Structure formats: C-alpha cells, structure tokens
Amino acid sequence: MIEFEKMHTGELYLPGGDEIMEKQLKCLDKLYDFNATRPTELEKREELLNEMFAEIGEGCYIEPPLHANWGGKHVHFGKNVYANFNLTLVDDTHIYVGDYTMFGPNVTVATAGHPINPQLREKAYQYNMTVKIGRNCWIGAGVVIVPGVTIGDNTVIGAGSVVTKDIPSNVVAVGNPCRVLREIDERDREYYFKNRKINL
C-alpha cells in the first residue's frame, strides 16, 4: 500500500512524499485564493468552498482566514454550518460536521497525530483518525478537538476546552480534558444566559 492510500486507514505513513505533496499543494492554492477574497466577494467564496470541500451544504458561512492542511478536501459540512475567524481543520483525513453546527473563533479540529515513540517521530511518521461532530452543536471559542473524537448532536463544548474523548449528545461539556458538565434540560428552554429569560 502506498503512503497516499494510508492517509485514511489509521496506519502510520510518511506524509512528505512527492505524490502527497503535489496533491496537497494544489488544495492549498485554492485555500490561499479563498483567504484572499474581499468581504464583498461572497459568491466567489461560496464557489471556492464548493471546489475545496469534499461536501458543503447550503447556507454555510466560513469567516476567513480558514486554515486547513488539505484546504478542506477531506471535510464534509452539512447545511447552515457557521465558522468564525481562524477555524483550523487539520484535515489529513475526514472531518464530518452536521447541519446547523457553529464554531467560535480560533477552534482547531485535528485528525493527524504522531507516535509517542521518539524514533518514529524523528522519521516524521504520522497517522490520521476521523473526527465527527454532530448536528446543531456549538463549539466555543478556542476549543481543540483531537484525532478520533466523536461529539453527539445538540452538544455545547465550552470555550477553551480540549476534547480528547467522545462526548455524547444533548450535553454541555467543558474543561481540559473536556468532561460532561450537565445535560441540556428544561431550564435551557426558559433561560438563554444565566438569569436572562427567553422572550421570543
């Protein structure tokens, strides 16, 4: 099996080969073009995202700058996904994000890892594990999501959290490492922030 094929298997591989670099640089050129767009060039941004991403649903908005190892080539967004400034997608393998999910500024979603064994790291070995984020999640500012993590639907990840393990649906989770703080409950239907009531 060649190195390029190992990118999506979870096996150790060497990411610096000529075939990988040639394909990756073409993706990064498109990402450069996206980040160079003016705020008024919304249609151009949409066209570029459709070319860059593996899948991107209707109504998605990504605020530049966007950072991505493969320019979004292995990223699958549902519809109406919103990402604030400086979303970093280490998309060496697949990242799946459900409909209506929101990313705060400076979020990192990483699929790539390196062995703990220092001899293997010295040779630049890498492995990639898929990340899955559910529908209607809110990923707070500065969150880091590491390789292989799954986050369930409707979940809120508090700002600054480091998500190292799977998080279930319908919870608020915070911390480093990120842990479930509580379930989303009836009070959340009545209050939107501390003691401020929802009057809609």
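1. In this predicted model, R187 lies over the face of Y191, at 4.1 Å from the ring centre.

2. In one of them, the ring centres of F53 and F77 are 5.2 Å apart and the planes meet at 75°, so the pair is edge-to-face, the class for angles over 60 degrees. The two residues come from distant parts of the chain, 24 residues apart, with F53 in the loop between α3 (42–52) and β1 (55–56) and F77 in strand β4 (residues 75–77).

3. As for accessibility, F53 is buried at a relative accessible area of 5%, and F77 is likewise buried, at 4%. Ring pairs join F53 and F77 with F103 in a cluster.

4. Y61 and Y82 form a stacked aromatic pair, with 6.1 Å from centre to centre and 10° between the planes. Because Y61 belongs to strand β2 (residues 61–62) and Y82 to strand β5 (residues 82–83), this pair ties together parts that are 21 residues apart in sequence. Y61 is partly exposed, at 29% relative accessibility, and Y82 is also partly exposed, with a relative accessible area of 29%.

5. The sheet deserves a separate look: 5 strands form an open sheet with parallel pairing, in the order β3-β6-β9-β14-β17. Its edges are β3 (66–68) and β17 (162–163), each of which pairs on one side only. Within the sheet, β6 (residues 87–90) and β9 (residues 108–110) pair in the parallel sense over 3 bridges, and V90 stands opposite A110 in β9.

Definitions and conventions:
Residues numbered from 1 in each chain as written. Predicted model: local features only at pLDDT ≥ 70, side-chain atom pairs only at ≥ 80, totals over all residues. Heavy atoms only, no water. Pairing = 2+ DSSP bridges. Helix = DSSP H or I, 4+ residues; strand = E, 2+ residues; numbered from the N terminus. Phe/Tyr/Trp six-rings, centres within 6.5 Å; stacked < 30°, edge-to-face > 60°. Buried < 20%, exposed > 50% of the residue type's maximum accessible area, 1.4 Å probe, protein only. Lys NZ or Arg CZ within 6 Å of the ring centre and 35° of its normal.
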